[in-house]
Amino acid sequence: MAHIFLSYLEEDAPFAYSTQKELEKAGFEVWIDPARAGYMDEIWHHGIDNAIGASFVMILILTPDSLQSAQVTYEWSFALGIGVPVIPVLFKEAQIPRRLLVLKCLDFTQNRAWDDLIELVKEAQANYNPDTIRISQEMKTIVDVPNVQEHRLIIDSGAGRVAYAMENSVITIGRDTTNNIVLDMPDISRHHVRLVHTLDGFTVEDLGSKNGTFLNDEPLKRVKLIASGDVIRLGEKLTIRYEVTSKPN
């Protein structure tokens, strides 16, 4: 049975649990991640992807901090990319990205509009057809990559270099063929690293890889914002240089 996926930042967990309770009272099944603040390894990330793929709607709790979160940004961009509708719920005043402004956003900053939320969920459930949801190989641009700049990755395996244009807002790298960038090398994990374009720029996150990810030779232990010229190393040898240049007029 399809469920509701609840996307939120760990600091907003009390409100997320209240939302879960109201939806379950209305008869819906809600998928919520209770270990969100814990260690996020490759298995955890696969579980998140599977839970989103099995949902008929996502409820996205919006705050200034959640909009800066690489994980929350990934979740709603992944949902939209595979055809899962998203209902944004504004919990704290925040500047909503353009891609989310086209959706019907519920304002919970003053009043808890539970009835309105439940009606939107019922509408999404009525329109749900699992056959229409497919994993998109070309993720939609969710947090727009500025069109006045060119963002690219220079991938150096030691045997040669290749440039990759960063046209998607979520870019995954690893051995598995479902990644945006597939690297068939023994010290690269199936799902090794993920880059997400947020309001502040691209972030990089290790996905629980076996041989680690390094940013400018420092072990990557958490999500970090990257700047032009930064070098990401996967395992022992493969390096990825992030570059931003101005587009010619």
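This is a predicted model: local features need pLDDT of at least 70, side-chain atom pairs count only at pLDDT 80 or more; totals for chains, interfaces and linings use all residues.
1. Let's start with helix H6, residues 114-126. At 1.5 Å a residue, its 13 residues should span 18 Å, and the C-alpha atoms at its ends are 18 Å apart, so expectation and model agree.

2. Which residues of H6 are buried? They are Trp-114, Leu-117, Ile-118, Leu-120, Val-121 and Ala-124. If you look down the axis of H6, the buried residues fall within an arc of 160°, so they line one face of the helix. On the face turned away from that buried side you will find the exposed residues Asp-115 and Ala-126.

3. What covers the buried residues of H6? The cover includes helix H1 (13-25) along with strands E1 (3-7), E3 (55-62), E4 (86-90) and E5 (106-107).

4. Now for the largest nonpolar core, which has 27 residues. The members that touch the most others are Ile-4, Leu-23, Phe-56, Ile-59, Phe-108, Leu-117 and Val-121. At least two residues of this core come from each of E1, H1, E3, E4 and H6, and H6 gives the most, with six. As background, nonpolar side chains tend to be buried together in soluble globular proteins.

5. Leaving aside residues up to four places away in sequence, Ile-59 touches Ile-4, Phe-5, Leu-6, Ser-7, Leu-23, Ile-87, Val-89, Leu-117 and Val-121. There is also a second, separate core of 24 residues, and Phe-5, Ile-48, Tyr-74 and Val-196 are among its members.

6. Beyond residues up to four places away in sequence, Thr-203 touches Ala-70, Arg-194, Leu-195, Val-196, Thr-198, Val-223, Lys-224 and Leu-225. Val-196 is also one of the residues in the second core.

7. Finally, take a look at the open sheet. Six strands form it in the order E7-E6-E16-E15-E12-E13, with antiparallel pairing. Strands E7 (161-165) and E13 (218-219) are the edges, each pairing on one side only. At the E13 end, strand E12 (residues 213-215) pairs with E13 in the antiparallel sense over two bridges. To spot this pairing, look for Leu-215, which stands opposite Glu-218 in E13.

Methods
Residues are numbered from 1 along each chain as its sequence is written. Side-chain values use heavy atoms; hydrogens and water are left out. Two strands pair if DSSP finds at least two bridges between them. Helices (H or I, at least four residues) and strands (E, at least two) are DSSP runs, numbered from the N terminus. The expected span of a helix is 1.5 Å times one less than its number of residues. Buried means under 20% relative accessible area, exposed over 50%, partly exposed in between (1.4 Å probe, protein chains only). The arc is that of the directions from the helix axis to the C-beta atoms. Contact means heavy atoms within 4.5 Å. A nonpolar core is a set of buried Ala, Val, Leu, Ile, Met, Phe, Trp, Tyr and Cys residues joined through side-chain atoms within 4.5 Å.
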